[in-house]
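Okay, thanks for coming, everyone. Let me put the sequence and the model up on the screen, and then I'll walk you through a few spots.

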Amino acid sequence: MRKLSEGKKMFVSVMIIFCVYALTFILFEDYDRLYLLPFSEESDWHLLIFSLIVMVGLSFLLLRYAKKMDERIRLEQSAKENKMRRELTQNIAHELKTPVASILGFTETIINNPNLSSSQKNEFIVRTHAQAERLTNLLQDLSMLNRMDYAPEMISMQKMDVNEIISEITKETSLSMSQKGIKLNNYLPSSVFVTGNYALLYSIFRNLFDNSINYAGGGSTIELNATELADSWKFTFSDNGQGISEKHLSRIFERFYRIDKGRSRTFGGTGLGLSIVKNAVVLHGGNIHAEKNQDQGIRFVFTLKK
């Protein structure tokens, strides 16, 4: 069923109110009558005809206003979407430019300097590979966001065990965490099942882990907990690291938004991790917000449907 526009909703609401009033007038003539009586005076009929004429005129004016209102809303939304597309295109071009330029620079150095030692060539190859990996990660993140934006119906959902996902991520990140002295306190209940897509659920928790590992600082502690609600699970993911100032909290889920651009690129971030987290949570019927931790650090609170 096609949804009514905001203008048409307003038009229908006003006309329903007017029709209810007219029907009351026709059936009972006066509000204190409790049963149907014929109009006893000619003026009553004149008043009824006048009311109908007013209703027709009012409906015509309201319909015109509703159309103009819908058109204004459509233009405003279109302008907003165009602005977002331009900004996204500019950000993508900027993000692609850095690794591509680095790859070209390293490969040109190798090609134009045949007398480079094996160790120097190997160093440039390693750097080229690192930039190629960064470029691949960026393209994969963009592909995932596009899939969530334009083809959510093609994403398969099934019953998933969150503990299994966390166990896999813990194994994959154990080396990075141990190198930085980061501790994980996993307080998840033994049975946490949600209906979702494995790849997206993995992305939610993996990006949160990576965010803490990269930016919380050495010696920090990550805590993960979940509370069962009527139709969903409420998750809390937090760390006691460096944290984020209040002015950045409301914008960290925006695409390509970085608090410290230089530091983000040092750790190989694409600027899309938390945006993927938010989109994936919403696609699973939940919501997410970030807040300051009680002591220090940051806390992410989000829900996922059972």
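So, in helix 8, the buried residues are Gly 273, Leu 274, Ser 275, Ile 276, Val 277, Asn 279, Ala 280 and Val 281. Buried here means under 20% relative accessible area, with exposed over 50% and partly exposed in between, using a 1.4 Å probe and protein chains only. Helices are DSSP runs of H or I, at least four residues, strands are runs of E, at least two, and both are numbered from the N terminus.

Before I go on: this is a predicted model, where local features need pLDDT of at least 70 and side-chain atom pairs count only at pLDDT 80 or more, while totals for chains, interfaces and linings use all residues. Residues are numbered from 1 along each chain as its sequence is written, and side-chain values use heavy atoms, with hydrogens and water left out.

What do the buried residues of helix 8 pack against? Helix 3 (118-150), helix 5 (198-215), strand 6 (288-292) and strand 7 (298-305). Just after helix 8 there's Gly 285, with a positive phi of about 80 degrees.

Let's take helix 5 with helix 8. They pack at an angle of about 145 degrees, and their axes are 9 Å apart. Those axes are lines fitted to C-alpha atoms over the stretch in contact, and angles run from 0 to 180 degrees between N-to-C directions. On the helix 5 side, the contact residues include Leu 200, Ile 204 and Leu 208; on the helix 8 side, Ile 276, Val 277 and Leu 283 are among them. Contact means heavy atoms within 4.5 Å.

Now the aromatics. Rings of Phe, Tyr and Trp (its six-membered ring) pair if their centres lie within 6.5 Å; planes under 30 degrees apart are stacked, over 60 edge-to-face, and the rest tilted. That rule gives 7 aromatic pairs. Take Phe 235 and Phe 302: the ring centres are 5.3 Å apart and the planes sit at 15 degrees, so this pair is stacked. Phe 235 is in strand 5 (residues 232-239) and Phe 302 in strand 7, 67 residues apart, so to speak a link between distant parts of the chain.

Last stop, Gln 131, which is in helix 3. Is it buried or exposed? Gln 131 counts as buried because its relative accessibility is 18%.
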